[in-house]
Structures are given as C-alpha cells and as structure tokens.
Amino acid sequence: MMSAARAGLVACEECGRLWPRGGAKRPRCGRCGARLHARRPDSLARTTALLVAAAILLIPANVLPILHTTLAGRVKDDTILSGIQGFFASGQVAVALLVLFASFVVPGVKIVGLTWMLLSVRFRWDWRLRDRTMLYRLIEFVGRWSMVDVFMISILVGLVRLSALATIEVGPGAPWFAAVVVLTMLASHSFDPRLMWDVREARR
Amino acid sequence: MSPAAAASLELRRLVACVSCDLLHERVPLPAGGVARCGRCGAALYDERALWLEHALAFALAAAVLLAVSGVFTLMAVDRGGVEAQAGLGTGPAELWRQGHWPLALLVLFATLLAPGVRLALMLYVLTSLRRGRRRPFLVGALRLVDALRDWGMPEVFLLGACVAWIKLGAIAVVSLGPAMASFGALVLALSATNAALDPRDAWDALERLA
C-alpha cells in the first residue's frame, strides 16, 4: 500500500486517470487535456496568500456597515453583527443564530481550519491526520453557506426598491464580506490535502 | 500489444485517492456499492447501473425548473392592493443600480449563470454519451461541468431569500411566489443530478466513445 506519488504515478486532477511521472516539461493528461501535476501547484504559498487576504478583509467586512436603511424618517446603519443583534432583539432567534453561524462561525472555522492544516504540513505534524482530512472535506462542503447574507441583501434591496416602503442601500462592508467568502473558497480549492499524507509517507 | 499500451492498461486498473493519494486496484462492486479509501475513507468510485439515464433525467428536470424559476415571481410585496413582484433578476438589477456591480455579477453568477451553463453543458455531454455521438468540444464541456460545480449556489440563495422574507415581513406583507417552489425543486433536482453523475464514470464513458 503506497501513495501514487511514491509509486511514480500522477493522478489527473480533472478526470482521475493515472499516468507515469514522465520527463516532459509540462505534461498534459492524455484523456482530458488538463495539466498534470503531482500536487496542486504552489499549494502552500497560494493557500497562505489567500487566507491572509481573507483574514485582512474580515476587518472591513465586519467594521463597515453592510446595509443603510431609511424607514419612516429613521436612518440606520447595520453591520453584520448589529443585524444579528436586531434579529435577536425582535425575537427571531432561529434566524439570528443562522446568520451568526453563516457569517461568523463558518468563515472563522474555514480560516482557522485551513491555517491549522497549512501549519501541519509546514511543521510536519503527523497527528490526527484522519480528522484533519475530514475537516478539509467539511470545509469544502460548508464554505458556500457563508454567502447567505449576500443573497439575503440582494433580495432585500430589490424587493424594498420595488415596494418603496423604505430605502435600503447596500453598504461598503458587503462587497468586502463577499470577497472574504470567495477568497476562502479559493483557498480551500488551492490547498492539497494529500500534502498532509505525504508527511506521514515520508516518515515510513 | 506494445509495452506502452500494456502499461497504460495496467494504470487504468488503478485509482488514487483524491484526499490522501493512496493507490487502490479497481475491483468489481455490487450494484449500488461504493468503494472507499482504505486509509482515509474518501469515496473512490461506485457502481451504479443506469447512472447516465438518471443523471440525464434529473438534469433535464433541473434545467426546466431553472428556466421556470427565472421567469416567475420569487416574492411579492403588497402595497395597498398593488403587488410589487420580484424575480431572480431583481436583486442583481438593484445591486447594479446602486453601483455594486461586482456584487451584482457575483449573485447573478452563483444563482443563474453557473447552474444554467453547467446544466446546458451537462445535457450536451450526457446526450452525446447516450447516443454515442462524438460531437465537438465534449472534453472541454465536461471539464467546465466539473469546474462550475462548486460555484452554483441555488440552495444558499434559497435560504438567503427566506431570511429576507422574514426580515421584510416585519414591516410589510410579503408573499412567496411560484418561483420559490420551483427553485426549491431545482435544488433537489440538482442534488440528484450531482449524486447520479460521478465525473470519473463520465470520463470513462467519454474515453470509450472516442
């Protein structure tokens, strides 16, 4: 039982077909034409860069308001957090928890989780490897749900404009938040979980 | 058989785990069975009869549902007897009007463009496979189908729409339109399509076609 890399084979990222590790400069898969690489190119560097960018953008995403509401003469600026507080205050606890989860917990878990995985490769930890792999799959799966707030805002402003009940403007924080979600999605795409198992293989 | 061809045949019988790179030999599975990596538990391949027909059927259903969702009303606000109706395009249009064009494009892409283009390409590939026709750009189409998979988020949009409905319901009478139901059905149909379509099976079938 050995990894494909140790056997001198490369699996195509797109179609799964195995090929011998050749001498060609930049080999392509004979079946689907995709570039062949043993591991995702520059995985550690790209993932780190994307995560750092996402972590930095978390600041404007949370500090700047995402909604600017004018209703019956009252003007209100809402950040993600104050929006959640509003839901709690009006008794809509389930919704409040949902938005809290999607806008804070999920991005947080993604950034912390991917950072942990990056460190585990960098410092060659061989500890709870299977759990880390499960975490990676969870992160890949759940990442998109952070977009809930963005979609909610889009429907809200559209509907409010039509109904002319109030004026709701999208605040400057919203695109930064969307950027954080997209960057974390790209980060988990660029990370190669096989790198974590390579550490274990190297020890054998 | 040339040594190169024989080697190639041997490699076709092997599968590498996408999560941990462990090599496995392909073994025949019982119908409906799933082979999992011996080391990390990730799914490797499966044995599903009629996967092509199932994927095609669900993809067709999803395409119709997406078209319906795009045309009909998602939600409507009652303004003293007059109904203001919002559809899938209403949100992006307003975002654009407010100058947030990156957000507008992102929402449009994730709710309409990515699922739509992916479904269209999927139908193209699946019908070609079913009929045994070697149409142009099949390889490119299948690659795009795989690439777009994670960028279509209709289920997240649906949840966001429900939250907006609840939020707006506090200050107005908001009713749900037919597009909400069809969009919900779309999410289910898309799930079923993705469950039926294992990209590796599709690539194997495409290779046999060539």
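Predicted model: local features only at pLDDT ≥ 70, side-chain atom pairs only at ≥ 80, totals over all residues.
Me: Which helix of chain A gives the most to the side that touches chain B?
Reply: Helix α5 of chain A, residues 148-163, with 14 residues.

Me: And how do the residues on that side of chain A divide into nonpolar, polar and charged?
Reply: There are 44 nonpolar, 10 polar and 11 charged residues.

Me: What about salt bridges, how many between chain A and chain B?
Reply: The count is eight. One of them joins the side chains of R31(A) and E207(B), at 2.7 Å from N to O.

Me: How much area do the two chains bury between them?
Reply: About 5800 Å², with 70% of it on carbon and sulfur atoms. In chain A, the residues that lose the most area to chain B are R31(A), R144(A) and F151(A), together 12% of what that side buries.

Me: How many residues of each chain are in contact?
Reply: 65 residues of chain A touch 62 residues of chain B.

Me: Switching to rings. How many aromatic pairs over all chains?
Reply: The search of the whole structure finds five. Among them is F123(A) with W125(A), whose centres are 6.2 Å apart.

Me: Why is that pair stacked?
Reply: Because the planes of F123(A) and W125(A) are at 25 degrees, and the cut-off for stacked is under 30.

Me: Are those two buried or partly exposed?
Reply: F123(A) is partly exposed at 47% relative accessible area, and W125(A) is partly exposed at 34%.

Me: What sort of pair do F151(A) and F157(B) form?
Reply: An edge-to-face one, 5.6 Å centre to centre with 75 degrees between the planes. The pair crosses between chains, from helix α5 of chain A to helix α6 of chain B, residues 154-169.

Me: Now T111(B). Where does it lie?
Reply: In helix α4 of chain B. Leaving aside neighbours within four places in sequence, T111(B) is in contact with F151(A), F157(B) and F183(B), as well as L66(B) and L88(B).

Me: Why does T111(B) count as buried?
Reply: Because its relative accessible area is 1%, and the cut-off for buried is under 20%.

Me: Which backbone oxygen does its side chain reach?
Reply: The side chain of T111(B) reaches that of V107(B), at 2.7 Å.

How values were computed
Residues numbered from 1 in each chain as written. Chains lettered and ligands numbered in written order. Heavy atoms only, no water. Contact = heavy atoms within 4.5 Å. Buried area = accessible area lost by both parts, 1.4 Å probe. Salt bridge = Lys/Arg side-chain N within 4 Å of Asp/Glu carboxyl O. Helix = DSSP H or I, 4+ residues; strand = E, 2+ residues; numbered from the N terminus. Nonpolar A, V, L, I, M, F, W, Y, C, P; charged D, E, K, R; others polar. Buried < 20%, exposed > 50% of the residue type's maximum accessible area, 1.4 Å probe, protein only. Polar contact = N/O pair within 3.5 Å; in protein donor to acceptor, adjacent residues only side chain to side chain. Phe/Tyr/Trp six-rings, centres within 6.5 Å; stacked < 30°, edge-to-face > 60°.
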